[in-house]
Amino acid sequence: MSITIALVDDDRNILTSVSIALQAEGFITRVYSDGEAALKALIDNPPDLAVLDVKMPKMDGMELLRRLRERSSIPVIFLTSKDDELDEALGLAMGADDYIAKPFSQRLLIARIRAVIRRAEMRATPLAESSPEQEAAQIVRGRLSMDPARHRVTWGEKDVTLTVTEFLILEALAQRPGVVKSRNQLMDVAYQDDIYVDDRTIDSHIKRLRRKFRAVDGEFKAIETLYGVGYRFGEE
């Protein structure tokens, strides 16, 4: 079954180039040049996933996501400027599934789209349909439980909603408790592409991970920092 992707961006060049790249991969695309034009269409005829630019005239991506979440839970990936950490944190809190900083490679965007859609499909799969192999792939570390097949994370039986990137970073840390992962190693896990991201990007993801876990457990300290070295998942 064909997958439909909605693209919302005021940059016509991005709309055209990304739409062509997605269509070449077998996706169906719909394009909108501003948030106002996109809102009604996204609600009345929901795509499988929407890619939204944060900064747009008339209605920006944040306001579009806010209004969209009042009526719809379709997966959303934000396109944002590299230094918009405040917007990024707000968007994730409002329900965005992932972020990609401009400039980005189309190959990375396509990989993230596939990952988010796969996660959404896994969430819709009844537990009884899972295979023994999928069940065995779960990671349990003390109060942490990770189910890669469904992209589900719980801490002390409370759900913690993570983006694809956050999930990959946490998975890399939790697979080997007590072992330090450098920022470069975590970059390789989270950004499986030939794009450049600096140390602050990984640090920002770690901050958001801690913030999300502390929202369900104010005493959360499992992700430890070794200054000048990297991060590790603490053994309980």
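Strand β1 (residues 4-8) runs parallel to β3, and four bridges join the pair. This is a predicted model. Within this pairing, Ile5 sits opposite Leu49 of β3. Helix α2 (residues 35-44) packs on the sheet, where it touches both β1 and β2. The direction of α2 makes about 135 degrees with that of β2.

Now widen the view to the sheet. Five strands form an open sheet in the order β2-β1-β3-β4-β5, and their pairing is parallel. The edges belong to β2 (28-32) and β5 (98-102). Each edge strand has a single partner, so one of its sides is left without a neighbour in the sheet. From one strand to the next, the twist averages 20 degrees.

Return to β3, which spans residues 49-53 and includes Asp53. Is Asp53 buried or exposed? Asp53 has a relative accessible area of 5%. The cut-off for buried is under 20%, so Asp53 counts as buried. Which residues does Asp53 touch, leaving aside those up to four places away in sequence? The contacts are Val8, Asp9, Asp10, Gly61, Phe78, Leu79 and Lys102. One of these, Val8, falls within β1 (residues 4-8). Another, Lys102, falls within the edge strand β5 (98-102).

Helix α1 comes next. It covers residues 12-24, 13 residues in total. From its first C-alpha to its last, α1 reaches 18 Å, close to the 18 Å expected at 1.5 Å a residue. Its buried residues are Ile14, Leu15, Val18, Ser19, Ala21 and Leu22. Why do they count as one side of α1? They cover an arc of only 165 degrees around the axis, which puts them on the same side of the helix. The other side of α1 carries the exposed residues Arg12, Asn13, Ile20 and Ala24.

Last, the whole chain. It has 236 residues, and buried residues make up 49% of them. Its secondary structure comes to nine helices and 11 strands. Take the contacts in the chain with a separation of 6 or more: residues 24 or more positions apart account for 60% of them. The accessible surface comes to about 12000 Å². Carbon and sulfur atoms hold 49% of that surface.

Key: Residues numbered from 1 in each chain as written. Predicted model: local features only at pLDDT ≥ 70, side-chain atom pairs only at ≥ 80, totals over all residues. Heavy atoms only, no water. Helix = DSSP H or I, 4+ residues; strand = E, 2+ residues; numbered from the N terminus. Buried < 20%, exposed > 50% of the residue type's maximum accessible area, 1.4 Å probe, protein only. Contact = heavy atoms within 4.5 Å. Areas by Shrake-Rupley, 256 points an atom, 1.4 Å probe, with all protein chains shown as cover. Pairing = 2+ DSSP bridges. Axes fitted to C-alpha atoms, helices over the stretch in contact; angles between N-to-C directions. Expected span 1.5 Å × (residues − 1). Arc of directions from axis to C-beta.
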